[in-house]
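Dear colleague,

I am handing over the structure we spoke about, together with some notes on what was found in it. Please keep it open beside you as you read.

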Amino acid sequence: MTGAASASFTADDYEARMERAARQAADAGLAGLLVAPGPDLVWLTGYTPTAVTERLTLLVLAPGRDPVLVVPTLEAPDAERALGASALTLRDWTDGKDPYAATAALLDADGRFGISDNAWAMHLLGLQRTLPGTSYASLTEALPMLRAVKDAAELELLAAAGAAADAAFEEIRSVAFAGRRESDVAADLAGLLRRFGHSQVDFTIVASGPNGANPHHEVGDRVIERGDMVVLDFGGLRDGYGSDTSRTVHVGEPTDEERRVHDLVREAQEAGFRAVRPGAACQEVDRAARAVIADAGYGEYFIHRTGHGIGVTTHEPPYMIEGEEQPLVPGMCFSVEPGVYLPGRFGVRIEDIVTVTGDGGRRLNNTAREMVIVD
């Protein structure tokens, strides 16, 4: 997380997050949570190690106990400066000592713990050797909604990230597409995201012509031609919170079929957005968008889920997908991004980040969803 984002939160905010996480762990029947460096640690404490190495850094949260951050001695000064440090105890260990023994003293010897998805296997195995009676579940599996509901400050940062991505789209639609490589336009997009405040660019998909039929197309050297449909999907982190938006533009005048498919995806995206309301299951958003595309005969060409959560990472729970019965709650933020992908021909995707409000949803992306013609 960047300094600007950290400044939006206080030590009290981080303390409340850690307390909430410990309560949720208890409610889930866990003895506690073990949080390694990564987005969960940043969200809970405001601490990002300068470098993630083989040395163990681990936040231990347990119901009824003070939070403890196990940290290498040489990194303790940086950890002490984290905004959430005043709400936890630092327990440092020096090279040559056993960090797993130091951590084991904080854990129930036969407890089941949630552990960060991005924890190193060597650290998990080290804990298991030291405490063979313990068991573990990935944090995403055990507490998938831990970061899902955003507070007012988080929503403000997400809205600002969305507005910055929108500004990048407004600029990119005026640049030349025809005769340039996908990689050239992708570089333009990355530069624009940074110009509008992004510290990290996670992806800049520019998928032209038949490449648009691959939702996660890797940008290449294909030269964009007049007559191409071009899927643009881009985002990253601004002040520690994510942006992610997709628009599909056309180089020159489209065919009737291209317009028809684009209008269909726009209608599906609107249907998905209208399905957003407190208490609705995540799968209802997917069903609403998918039904529009299926009813028009293109169901087999909508080949991915309708959406994913966003926050301190650009992909996180909740997921808008069939079978996900998690109810929507005010403050949740996620994408609504249906698409149609016609192999060997073209693709269309339209994506907004949406937040759940008290009585529906609010878009955090507001650029034109109608087809945009570019040169």
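Which residue in S8 is the bridge partner of Val-206? The model is a predicted one, and in it the bridge partner of Val-206 is Leu-232. Strand S7 and strand S8, which covers residues 229-238, pair in the antiparallel sense over 8 bridges.

These two strands belong to an open sheet of 4 strands, arranged in the order S7-S8-S9-S17 with mixed pairing. S7 (200-208) and S17 (372-374) stand at the edges and have a single partner strand each, so one side of each is left without a neighbour in the sheet. From one strand to the next, the twist averages 30°.

Helix H8 touches S8, strand S9 (241-251) and S17, and its direction makes about 25° with that of S9. Helix H9, residues 182-195, touches S7 and S8, and its direction makes about 145° with that of S7.

As general background, nonpolar side chains tend to be buried together in soluble globular proteins. In this model the largest nonpolar core has 36 residues, of which Leu-33, Leu-44, Leu-59 and Leu-69 touch the most other members. Several elements each supply at least two residues of this core, among them strand S1 (32-35), strand S3 (68-72) and helix H8 (152-172), while H2 gives the most, with 4 residues. Leaving aside residues up to four places away in sequence, Leu-59 touches a list of residues including Met-18, Leu-33, Leu-44 and Leu-69. A second, separate core of 19 residues includes Ala-168, Phe-169, Leu-192 and Phe-234.

With best wishes

Notes
Residues numbered from 1 in each chain as written. Predicted model: local features only at pLDDT ≥ 70, side-chain atom pairs only at ≥ 80, totals over all residues. Heavy atoms only, no water. Core = buried A, V, L, I, M, F, W, Y, C linked by side-chain atoms within 4.5 Å. Buried < 20%, exposed > 50% of the residue type's maximum accessible area, 1.4 Å probe, protein only. Contact = heavy atoms within 4.5 Å. Pairing = 2+ DSSP bridges. Axes fitted to C-alpha atoms, helices over the stretch in contact; angles between N-to-C directions.
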